[in-house]
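Good morning, and thank you for coming.

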Amino acid sequence: MQNIDWGSLPFGYYPTNYNVRCYYRNGEWGELEYCSETTINIHMAATCLHYGQEAFEGLKAHRGVDGKVRIFRLDENAKRLQSSCDGICMPRFPMEKFEEAMIKCVQLNKDFIPTYESGASLYLRPLIIGTGARVGVKPADEYLFIVFATPVGPYFKGGFQANPYVITRKYDRSAPLGTGIYKVGGNYAASLRAHVEACHGGQYACEFYLDAKEKKYIDEAGAANFFAVKDNTYITPQSTSILPSITNKSLMQIAETLGMKVERRPVAEEELSTFEEAGACGTAAVISPISRIDDPETGKSYQFGDGTPGPWSRKLYKKLRGIQTGLEKDEFGWNTIVEI
Ligand code: PLP
Ligand code: COI
């Protein structure tokens, strides 16, 4: 095991030993390859460089209280990557190969799996890029799949600590019939300016998007879905322009087992003033409670609770983290245990 101060890790790139690669050539995916090289050599006319033919995923391996290593819901990430591939005309990466690649990547980098006590985890970042050379706008004929691992700490300041967010009306991340439902690099390129402006000055954790068409409904934060709590009900937006978050899907199930009602429906901005608790959720964010959402262009500001994580957010967090780390029974069968 590496001698790293696991508890102080930020959410960033930390070099590890190996990555796993796979090439798509002549109409099929090849065998998995294990590699310690961190760079790639691609054609300057590759479609990923010009036309954004790129999709990625994010998932985590956790060292449990019992010492076992668990990857959370990797089948869901495999399915979503396939959906992203469909969305931008790339060949689907097979489910079994995805699973094998994730497990292998964790095993090869076992020395970088943070301790249970640190609360940090090993983040897996699979991606697929179009590598075939094209100048006209059309899909490539060759692709490269890579997954690398990096140990990470909390994405938002303080981890499970409430942070303020800011609504961006000036920029849209994705259109109602656009690519927002896919995890493709282009969506993140479209969000960078809003993100940089929102975080400038250090006041806000992240930008927050309304629906692009009417600017009336809540969509999501830059790198996480939104949820709120009111009258023992877990409320989360239904929208055609947000990423279907695996964390959010899991929290909806957990909420039901905790006795909450669950509503997935359009959420108008004005409803924010009625919520008792609010949070951002995602693989990187886990649950990141929201203290306040400001809408500077209308002068409105929505406050949730007393600025500390609310009671339902605490319960949801405890149960989710408990399942991921083996403290709670994995009643839904979400974990894949990796033999180390
Ligand atoms: N929304 C966006 C835009 C994201 O980038 C992410 C991160 O993956 C999420 C939501 C959360 O999704 P998940 O819970 O599957 O990580
Ligand atoms: C994740 O939560 O896995 C993400 O991909 C969010 C962000 C770092 C892009």
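**Cysteines, cores and ligand sites**

Cys 22 is buried, with a relative accessible area of 0%. By buried I mean under 20% relative accessible area, by exposed over 50%, and by partly exposed anything in between, using a 1.4 Å probe and the protein chains only. Residues are numbered from 1 along each chain as its sequence is written, while chains are lettered from A and ligands numbered from 1 in the order in which they are written. This is a predicted model, in which local features need pLDDT of at least 70, side-chain atom pairs count only at pLDDT 80 or more, and totals for chains, interfaces and linings use all residues; side-chain values use heavy atoms, without hydrogens or water.

Let me stay with the cysteines. A disulfide is a pair of cysteine sulfur atoms within 2.5 Å. How many disulfides does this rule give? The count is zero. For Cys 22, the nearest cysteine sulfur belongs to Cys 85 and is 12 Å away, and Cys 22 is in no disulfide. Cys 48 is likewise in no disulfide, with the sulfur of Cys 85 again the nearest, at 13 Å. Is Cys 48 buried or exposed? Its relative accessibility is 16%, so Cys 48 counts as buried.

I turn now to the nonpolar cores. A nonpolar core is a set of buried Ala, Val, Leu, Ile, Met, Phe, Trp, Tyr and Cys residues joined through side-chain atoms within 4.5 Å. The largest of these has 39 residues, and those with the most contacts inside it include Ile 71, Phe 93, Met 102 and Leu 124. Elements that each supply at least two residues include the strands β1 (19–25), β7 (121–130) and β8 (143–152) and the helices α2 (74–87) and α3 (95–108). Helices (H or I, at least four residues) and strands (E, at least two) are DSSP runs, numbered from the N terminus. Which element gives the most to this core? It is α3, with five residues.

Setting aside residues up to four places away in sequence, Leu 124 touches Glu 57, Gly 58, Leu 59, Ile 71, Met 102, Cys 105, Val 106, Val 147, Phe 148 and Ala 149; contact means heavy atoms within 4.5 Å. A second, separate core has 23 residues, among them Cys 206, Phe 208, Phe 275 and Ile 290.

Beyond its neighbours within four places in sequence, its contacts include Cys 206, Phe 208, Asp 294 and Pro 296. The C-alpha atoms of Val 166 and Asp 295 are 6.1 Å apart, although 129 residues separate the two along the chain. Thr 168 also lies in β9 and is buried, at 10%. Outside four places in sequence, Thr 168 touches Ala 194, Glu 207, Phe 208, Tyr 209 and Lys 215.

Most residues other than glycine have a negative phi. Lys 215, in the loop between β10 (206–210) and β11 (218–221), has a positive phi near 55°. Asn 232, in the loop between β12 (225–230) and β13 (233–237), has a positive phi of about 60° and is partly exposed at 44%.

Finally, the ligands. Of the 16 residues around ligand 1, those that come nearest are Tyr 188, Glu 220, Ser 245, Thr 247 and Thr 283, where a residue counts if one of its heavy atoms lies within 4 Å. An oxygen atom of ligand 1 is 2.7 Å from an N or O atom in the side chain of Arg 80. A polar side-chain atom of Lys 183 lies 2.8 Å from a ligand 1 oxygen. The protein covers 96% of the 380 Å² of accessible area that ligand 1 has on its own, computed by the Shrake-Rupley method with a 1.4 Å probe.

The residues surrounding ligand 2 include Phe 11, Tyr 123, Lys 183, Tyr 188 and Thr 283. An oxygen atom of ligand 2 is 2.6 Å from a polar side-chain atom of Tyr 123 and one is 2.8 Å from a polar backbone atom of Ala 284. Taken alone, ligand 2 exposes 280 Å², of which the protein buries 90%.

Terms used: A polar contact is a pair of N or O atoms within 3.5 Å; within protein, one must be able to donate a hydrogen and the other to accept it, and residues adjacent in sequence count only if both atoms are side-chain atoms.
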